[in-house]
Amino acid sequence: MLALGLWGLDRGGMWGDEGVTFLVGRRTVPQIWHLLHGVDAVHGLYYLLMHAVLAVHPGEVALRLPSVCGAAATAGLVAALGVRLARPRVGLWAGLLYAITPLTGHYAQEGRSYALVAAGVAGATLLLVRALEERPGRSWWLYGAVLAVTFLLHEFAVLVLFAHAITLAATRARRTVWLGWGCAAGVAVGALLPLAWVSQRQSGQVAWLRVPDWDTTERLARDFLAVTPTGIVFWTSLLLILLGLGSGRLASVALPLLLVPPVLLLTVSQFRPLFHERYVLYALAGAPLLVAAGADRVVGAVRWLWLEGRGVPGDRCVEAERVVAESGSPRELVGAVSGGGHRLGGDRRTGAGAGAGAGAGVGADVRDRAGSAGEAGAGGGSRSAAGAGAGAGVGAQADARGGAAVEAPDGAGARADVRDRAGSGGEAGAGGGARAAAAAGLGAGARGGAGVGVEARADVRAAAAAAAAAAAGARDRDRAGSAGEAGAGGGSRSAAATTSRPSLTGVDRTALLRPDTRRPPTDRRPLHRILLANRTPMANLATRANLITLAGVLAATAPFLHGLPAYRNDRSAANRPENLAAVSALAGHELRPGDPVLFLPSFWRVTASAYPGPFVGARDLALGESGASSGTLSGREVGPGVLRARLAGVDRVWIVAQSNLLPSRWVPGDPTDRVKLDVVDGEFARRQEYVRGRVKLALYIRRMPPQPTQSTQSTQPVSTPTPHSTSPNPTPP
């Protein structure tokens, strides 16, 4: 997202709203504060931020950099939501889909607040999820603070509270969660109330908006739901969104975020027009999450079929799909702890010194009085002592409340939770059984060092009973003891085989072996044992998971590459409503020192404010007081009588006007603007005209006698009125 945002950032011209940001951001803080009392209060915090940014370097790139950073942060937050609500690959896909959505890239390169608002809403949504999953604590305060800042950047972001409320209801949040959320939301709304009161008095700024119709809704849906608004990509995205609705937690967060704010604003706009897609840009984050979740469900269904083909019982495919798909490596899949990663000292080939290292209790967690012991009997058993000692500690984890001694006799990483008093010990008898005792304690023999084990969770009663049945046949509920004793001579090998579990040391994990067809379909063994028994190539499982993730990335990249020309066009200044730099450059070629200039309506004085160089030396006939000193965007103009007198003394005048004016049936509300329109349209004739989107530069000559109109086009003909706006004030909040 950062790369796409920086691509073509210096497109060579600001449009009207960016020009307003630029001229206001370069004013002093008292001048900005004065302005907010009369206009654009809804953008006050954003203007103060841009004042700090433009103080470093006033230019177009610096003007748009905060939006680029906001879009990049939003993409990362969308990915974080996908990871937290589903799995890493869902987050990766969702973040990439958000980054390549054309609407995201469009507003990432605009010097307005909408990309930052989207980042704030995504951050608040992530904090909401954290508060639901963990102990809320500080999360609610952070949530409220982020929301408050976001609301001050643009007040229509308050609609996200309704989406978050639906999320809480869908997840059946506890009463304490509702209370914490209500307090945080109340603080954020309280911070917004003064701004809402002031901006309501400035509602005339959105008088240009119209009641949204069905075409508006359809265009919004196509822009939000897919990377491309038409074709197979759009319909595929729509299908994946429908599949993603069944993704549980993710859908309960993403679906309200996607639908609730736009639907609410569209509904309210039927009575009071307030809708524009950029006001609810933050809702776009819900769509890529649902698309990625739907794609993941498709992958899960395919994997289900594959697991059934590998012999996994049908009633366990759902759990098996989770075990396999979430495994980041073969080690995670089988639960093995590789001894190669823990060099315990000594010679790894012979196992010398392994007992000492393992006896240190690698992986042991003992909270009370707990002990692990491996004891070797007398008589020539130095190697057996090392092996038995290793079995006591490698991978063992104990949680004891009373006195306990836990031993993993097979060296396989056994884990026991001991609540009663239990004791276990492994003893190797004397004479000639050194190698067998080492096998009983270490599981892998001298070759494996610390050994590789299968992690198993055992109940203390079952463990004690199994050990006692193998040795003494005794069992006591309060004080349990187990012993594996091997006599002298050749009997030690059979005793070791009786008391030890098989180790995975030396198993070829990449070997392709035949499925185990002897197991019944209702096999209830742990899934990693089933997969191992079916001889699934475990190294290939992780490879398949990585290939699936990579395939999703390539699938997201394909529509981007297909629409690359459209992305390139969007980074052209001609794709914006107007290009103030182009109009100003034309004025620099055509205006002569002392030429009179009129701006109709006065808003288009932003052209001279954003690019003042070409207008230096020209006479602004209507300006009475500058915008900075008067606390307005375009300055305060003289009265109608003064302007009429000034126009009476000129034979030619340059007009910077909205392109669909002159001639026009529009009657300006401002009396000074009415004089401009009446005098120029009635007493002057157009000689030259240059159109750039919604704004034009035209030369008018007084009729004495009337002269034929001669129009000169620079690079494009005079166009019909553009559909963007027909109001004299095209700058909405």
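This is a predicted model: local features need pLDDT of at least 70, side-chain atom pairs count only at pLDDT 80 or more; totals for chains, interfaces and linings use all residues.
Biologist: At the start of α26, which backbone nitrogen does a side-chain oxygen of Asn-579 reach?

Modeller: Helix α26 spans residues 580-590. A side-chain oxygen of Asn-579 comes to within 3.1 Å of a backbone nitrogen there, and that nitrogen belongs to Ala-581.

Biologist: Is Arg-576 buried or exposed?

Modeller: Arg-576 sits in the loop between α25 (564-570) and α26. Its relative accessibility is 5%, and the cut-off for burial is under 20%. Arg-576 therefore counts as buried.

Biologist: Which side chain is joined to that of Arg-576 by a polar contact of 3.2 Å?

Modeller: Apart from neighbours within four places in sequence, Arg-576 is in contact with Arg-11, Trp-15, His-106, Gln-109, Glu-110 and Asp-570. One of these, His-106, is 470 residues away in sequence, with 9.6 Å between the C-alpha atoms. The polar contact of 3.2 Å between side chains is with Glu-110.

Biologist: Where does Arg-112 lie, and how far away is the nearest side chain of opposite charge?

Modeller: Arg-112 lies in the loop between α7 (102-108) and α8 (114-133). Its side chain makes a polar contact of 3.2 Å with the side chain of His-43. Arg-112 is buried but has no salt bridge. A salt bridge needs a distance within 4 Å, whereas the nearest side chain of opposite charge, Asp-17, is away by 4.3 Å.

Biologist: Which backbone oxygen does the side chain of Thr-125 reach?

Modeller: Thr-125 is found in helix α8 and is buried, with a relative accessible area of 1%. The side chain of Thr-125 extends to a backbone oxygen at 2.8 Å, that of Val-121.

Biologist: What separates the C-alpha atoms of Thr-125 and Val-253?

Modeller: Not counting residues up to four places away in sequence, Thr-125 touches Leu-81, His-164, Val-253 and Leu-257. Thr-125 and Val-253 are 128 residues apart along the chain. Their C-alpha atoms are separated by 8.0 Å.

Biologist: Which element gives the most to the nonpolar patch?

Modeller: The nonpolar surface patch has an area of about 510 Å² and is made by Leu-239, Leu-242, Leu-243, Leu-245, Val-298 and Val-302. Two elements give two or more residues to the patch: α13 (231-244) and α15 (286-309). With three residues, the element that gives the most is α13.

Biologist: What is the relative accessible area of Leu-243?

Modeller: Leu-243 has its place in helix α13. Patch residues need over 30% relative accessible area. Leu-243 is partly exposed, and its value is 33%.

Biologist: How many residues apart in sequence are the parts tied together by Arg-605 and Asp-620?

Modeller: The structure holds 22 salt bridges. In one of them, the side chains of Arg-605 and Asp-620 meet at 2.7 Å, N to O. Arg-605 lies in the loop between β11 (596-600) and α27, while Asp-620 is in strand β12 (residues 619-620), so the pair ties together parts whose separation in sequence is 15 residues.

Biologist: Is Glu-637 buried or exposed?

Modeller: The side chains of Glu-637 and Arg-605 meet in a salt bridge of 2.8 Å, N to O. This pair links distant parts of the chain, 32 residues apart, with Glu-637 in strand β14 (residues 636-637). Arg-605 counts as buried at 6% relative accessibility, and Asp-620 as partly exposed at 22%. With a relative accessible area of 17%, Glu-637 is buried.

Biologist: Which residues are linked with Arg-605 in a network of salt bridges?

Modeller: Arg-605 forms salt bridges with Asp-620 and with Glu-637. The network links Arg-605 with Asp-620, Glu-637, Asp-673 and Lys-676.

Biologist: Which strand holds Glu-625, the salt-bridge partner of Arg-636?

Modeller: The side chains of Arg-636 and Glu-625 meet at 3.0 Å, N to O. They are eleven residues apart, with Arg-636 in strand β14 and Glu-625 in a strand of residues 623-625. Arg-636 is partly exposed at 42% relative accessibility, and Glu-625 is partly exposed at 30%. The strand that holds Glu-625 is β13.

Definitions and conventions:
Residues are numbered from 1 along each chain as its sequence is written. Side-chain values use heavy atoms; hydrogens and water are left out. Helices (H or I, at least four residues) and strands (E, at least two) are DSSP runs, numbered from the N terminus. Buried means under 20% relative accessible area, exposed over 50%, partly exposed in between (1.4 Å probe, protein chains only). Lys and Arg count as positive and Asp and Glu as negative; His and the chain ends are not counted. A polar contact is a pair of N or O atoms within 3.5 Å; within protein, one must be able to donate a hydrogen and the other to accept it, and residues adjacent in sequence count only if both atoms are side-chain atoms. Patches are made of residues with over 30% relative accessible area and no salt bridge: like charges are joined within 9 Å, nonpolar side chains (Val, Leu, Ile, Met, Phe, Trp, Tyr) within 5 Å. Accessible areas come from the Shrake-Rupley method with a 1.4 Å probe; for residues, only the protein chains shown count as cover. Contact means heavy atoms within 4.5 Å.
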